[in-house]
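The sequence and structure come first.

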Amino acid sequence: MEPSDSASEPPVDALRSVFHLRETRRDGDRVLFYGESLVPEQMLVQEVWTPFREAGYEVQVSTGGTGRSDVVVARPVTDGIDGIPWTNIGLLLATVVSTLLVGALTWYYIPLSDIRANPLVLLRAWPFTAAILGVLATHELGHYALGRYHGVDVSLPYVIPFVFPFGTLGAIIRMRGQMPDRKTLFDIGVAGPLAGLAATIVVTAIGLSLPPVEVPPWALEGTGRALVFNNPPLLDIIATLLGEPTEYADPAVAVNPVIIGGWVGMFFTVLNLLPVGQLDGGHILRAMLGESQERVAALVPAGLFGIAAYLHYGLGYGLNESVGLWGFWGLLSAFIAFKGPANPIDDSPLDAPRIAVGILTFALGVLCFMIVPVEVTTI
């Protein structure tokens, strides 16, 4: 990243009113101020944020222990991308390969022997790859675009390659800059799910309109059991509006793999909208409720463990895939909630239109929820 050309000298006078300055040092582009804070850390940041930001700097505070100095770090606001983002490109290419391979083997039923004989047959799975990456990239680019719009330092998306069943674990961006206010936190947080859902609806509609694929006899042989991905309500709504089926009575016929891209978009939306910590739902609810969001976040792990227990004990699912899934996310959400949410500098309440958009976003997330997302059934 290149520092913003608008950065000038840090406004030291604004700092002196809340900070006893003893020493100033430079470390590359950063300016480090050593001394003792005269006010609590959060108040210090609130007091100096605006003048430092206007001078082209972001501010971070490190509070020292007994006998140690407090440090205020002023870092130039970055603008643009420094050089070629090789890590992002490398991960993207790796994920293209992993989704092509998984798509070809799992969803287009291309034998591994055919792939070994001619690796170019992987390209037959390009619609699956385009659907999966299109949904994930659109979601993350929504965050990226609003982050740049608000002047927050955000990275390009990192797409994570994986194996069965989708060839990817999703995509993330890094938000290195501080949130100036609740409005910025909300806009960046909500942009991803809404952009991703728009792409998901388009991908799902395209997939439903495409012809099904034939399941070869060799794929039907074996244990007689198959991993089934159940439909979220939103997928059924789209299928009903288009008058297209989401399954076939004949086991030798399967839905077009592009539909799986829509399923992935809906399921990842549910997980991202969990209102905990640094997840999208945590950002959105933190902006909507303020610090009260942490009380809601504390209930999320218990709710997910409750779903797993209900499936296991109430519905008798045993230790099936969905029980393990919700149990795992119960543990993960507890860790994410413990790490805490992003805290904006200005904690002024949101306006009513944004509150309404937030409620709508969570409502759309409910349409993507499935209590049993995946299960093994007999075929």
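In this predicted model, the axes of helix 5 (residues 126-149) and helix 6 (residues 182-209) cross at roughly 155° and come within 7 Å of each other. Angles over 145 degrees count as roughly antiparallel, so helix 5 is roughly antiparallel to helix 6. The crossing of helix 5 past helix 6 is right-handed.

**Contact between helix 5 and helix 6**

- Helix 5 contributes Ala131, Gly134, Val135, Thr138, His139, Gly142, His143, Leu146 and Gly147 to the contact.
- On the side of helix 6, the contact is made by Asp187, Ile188, Gly189, Ala191, Gly192, Pro193, Ala195, Gly196, Ala199, Thr200 and Val203.
- By residue class, the contact of helix 5 with helix 6 has nine nonpolar residues, 10 polar and one charged.
- Glycine counts as polar in this division, and the contact includes Gly134 and Gly142 of helix 5 as well as Gly192 and Gly196 of helix 6.
- Asp counts as charged, and Asp187 of helix 6 is among the contact residues.

**Chain composition and dimensions**

- The chain holds 13 helices and 10 strands.
- Taken along the principal axes, a box of roughly 80 × 50 × 40 Å is filled by the C-alpha atoms of the chain.

**Burial, contacts and surface**

- The chain has 379 residues, of which 45% count as buried.
- Among contacts in the chain with a separation of 6 or more, 72% are between residues 24 or more positions apart.

Technical notes: Residues numbered from 1 in each chain as written. Predicted model: local features only at pLDDT ≥ 70, side-chain atom pairs only at ≥ 80, totals over all residues. Heavy atoms only, no water. Axes fitted to C-alpha atoms, helices over the stretch in contact; angles between N-to-C directions. Helix = DSSP H or I, 4+ residues; strand = E, 2+ residues; numbered from the N terminus. Parallel < 35°, antiparallel > 145°, perpendicular 65-115°, else oblique. Left-handed = near helix turned anticlockwise from the far one by under 90°. Contact = heavy atoms within 4.5 Å. Buried < 20%, exposed > 50% of the residue type's maximum accessible area, 1.4 Å probe, protein only.
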